[in-house]
Structures are given as C-alpha cells and as structure tokens.
Amino acid sequence: MKRVCLIAGLAVTLAGCANNNETAKSISTPQTLQNLSVAPNTTAPATSDQTSASTEQTTNDSSNASDTQTESGTEKTFSTKNEIAVRLLNQAVHSGLFQVRWVGCDAAYGNDHAFLDGLKLPEGVWYFAATNAKEQVFPEYPQMSYPETKRGRPRKHPILSTKPVSVREIAEDSSVPWESVVLAEGAKGPIVAERKYMRCYSCRKDGNRSYVKPGPEIWLYLRKYADGEIKYFVSNAPGSLAVQELDRAATLRWPIEQCFEECKSNLGMGHYECRSYQGWKRHMLFVMIAHLFTIYIREIFKKKKLH
C-alpha cells in the first residue's frame, strides 16, 4: 500500500494544489508523514521513519496575498504569513492525503495565539509549538469572582484568585526539578537533554485589553541544552499522553532543519526572482518534488548496499 509523503519545506502548498490536480496523489514513498511543521527558519524533515511538511517564512512580500471568489471574479486580499500558514495547514490535515500526528512550529507562530487557536485539527492530531520565555500560563485554574461595587458601572471582568506566571519563572522554580533523559538516537549517538514538564492552563487576552483570562489546559515542556539555553514549548495534547511522546515531538525539528539545508544548498530553494505569489509557489513546489525524488533515490541506493 502506497502512502502519500511530502519531503519538503512547503509541502502544504502541494496539498493546496491537490484540489486542482492529481500531483499530490501521484507522489508516494514507503515513508509515512507523521508531522506537519511550520518553521520560518527551518524546514521539513526527510528521515527513513518520519517525514515533516513545513511552511517556510522566507517568502517575498507578494506571498501575503490570497485568492477570494467574488461576483466580479477572483481578487487578491491581504493575509499575513501566519494567516496563510494556518489556512494551508488546516487544508492539508483535512485533505485526507497525509497521515499526521504532530503540527510543529517555532516561536514566530507559537507566540501567535490566533494561529494556535485557528488550527482546526482532527482527533489524534496535536500541535507542539515553541514559545518564548515571556509566555504566561496559569499553573492552576484560577477561581473567578465579581465583587460588588457600590458606585459606578459593574465590573466587566472577574477578579482572578491567582495571577499567571511566565514560563521563565517555572524554569527557575526549583520545586519542579529538571530530569536528564535520552530523547532519541541521533546520527552521532544518543540525544541527552534535561527537561521538565507540567500540565497548566494557557493564558489568553480578552480582545485588545491587557486583561488576561485562563484558556484551555495544555502541556508546558521545557528543554535545557548543554550550553544552558532553555527552549519552551506548549502543546494541546491530552493529559493522558505519555511524556515519552512529548520527548519525541521535541526532536522533530532537527530533520526539518536538515531538509531546509539540503534544499537551499543543493536544489536552489532560495534562487528565485519572482514577483508573484503564484510564481513563488511554483518554484517551491518544484524544489519539493526534486527533493522528494533525491530522497527516494537515496533510499534505493541504501537498500542496494544492504543487499
């Protein structure tokens, strides 16, 4: 049984074209697509056991336009890169062409709550999003009350029993200890890191006001590197999910970076001089197809060497 697999930085673009042609359906490989990633400075992985499709942020300004159907025909309307990304990802995961488990993104998208809340993911598909140290969460769900006011208008927002804390404070909190674990087996040996994790509640702003309120329950995952740098991640995966699955999700970024490196160094991903979004999309599409072809040939030669 053939499984559709896209080894590319902008594979979701190919999924977006699938409604108009059979290109996406005709590209197959024994690998399985398990992760759709949005990574402005990195790209989708091409490994023997897992593959990611990601949306690259390095686009020209004309990519911030989308087509809308009107009575007078097709016209261009402005969309930000994050709005384009969430639209393409939603289309990809609901197209039925991919076997997806994780949607990963870096902090450029993970800090955008509108992007995370706009992901319409089916059951069994979750996001694992990087965020920055200033991101706020509620360690416990706060109690909300409306105290009586003797004068003036009644209070619009409730008073919260506890205030949110930044994820940096949690990283510095000694009551939540760091654990040393082997996240995965890398090309140069085991990937050892320190990590801490906890269930908490996301923090959402009420419109454009500074008032914040508790959002959905999420995982907070912190990873400390050998040089002391700490990376922060949030995920909407269920609380029953084993932490080992979060460890695996934390390692999916490396093959994404490897894919971008190969496409930029060997296949001319950045060698485009186009003035339209359609032209840019076609260039990226051909780069992705070329990368898929080279990976497929690489796998064939690996099998021949084994025999």
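Residues count from 1 along each chain as its sequence is written, and side-chain values rest on heavy atoms, with hydrogens and water left out. Since the model is predicted, local features need pLDDT of at least 70 and side-chain atom pairs count only at pLDDT 80 or more, while totals for chains, interfaces and linings use all residues.

Start with the strands. Helices (H or I, at least four residues) and strands (E, at least two) are DSSP runs, numbered from the N terminus, and two strands pair if DSSP finds at least two bridges between them. Strand 14 (residues 189-205) runs antiparallel to strand 15 (residues 212-224), with 11 bridges holding the pairing; Glu-194 has Lys-224 in strand 15 as its bridge partner. Strands 15 and 16 make a hairpin with 5 residues between them, and Gly-228 in the turn has a positive phi of about 90°.

Next, the helices. Helix 3 (residues 81-93) spans 18 Å from first to last C-alpha over its 13 residues, close to the 18 Å expected (1.5 Å times one less than the number of residues). Its buried residues include Ile-84, Leu-88 and Val-93 (buried is under 20% relative accessible area, exposed over 50%, partly exposed in between, with a 1.4 Å probe and protein chains only). In helix 7 (residues 243-250), Val-243, Leu-246, Asp-247, Ala-249 and Ala-250 are buried. They sit on the same side of helix 7 because they cover an arc of only 160° around the axis, taken from the directions from the axis to the C-beta atoms. These buried residues pack against several strands, among them strands 14, 15 and 16 (contact means heavy atoms within 4.5 Å).

Finally, the charges. A salt bridge is a side-chain nitrogen of Lys or Arg within 4 Å of a carboxyl oxygen of Asp or Glu, and by this rule there are 8. Arg-248 and Glu-245 form one of them at 3.8 Å; being 3 residues apart in helix 7, they are separated by about one helical turn. Lys-231 and Glu-229 meet at 3.2 Å, with Lys-231 partly exposed at 33% and Glu-229 likewise partly exposed at 38%. Glu-262 and Arg-298 meet at 3.5 Å, linking distant parts of the chain, helix 8 (residues 253-266) and helix 9 (residues 277-306), 36 residues apart. Glu-262 counts as buried at 14%, whereas Arg-298 is partly exposed at 33%.
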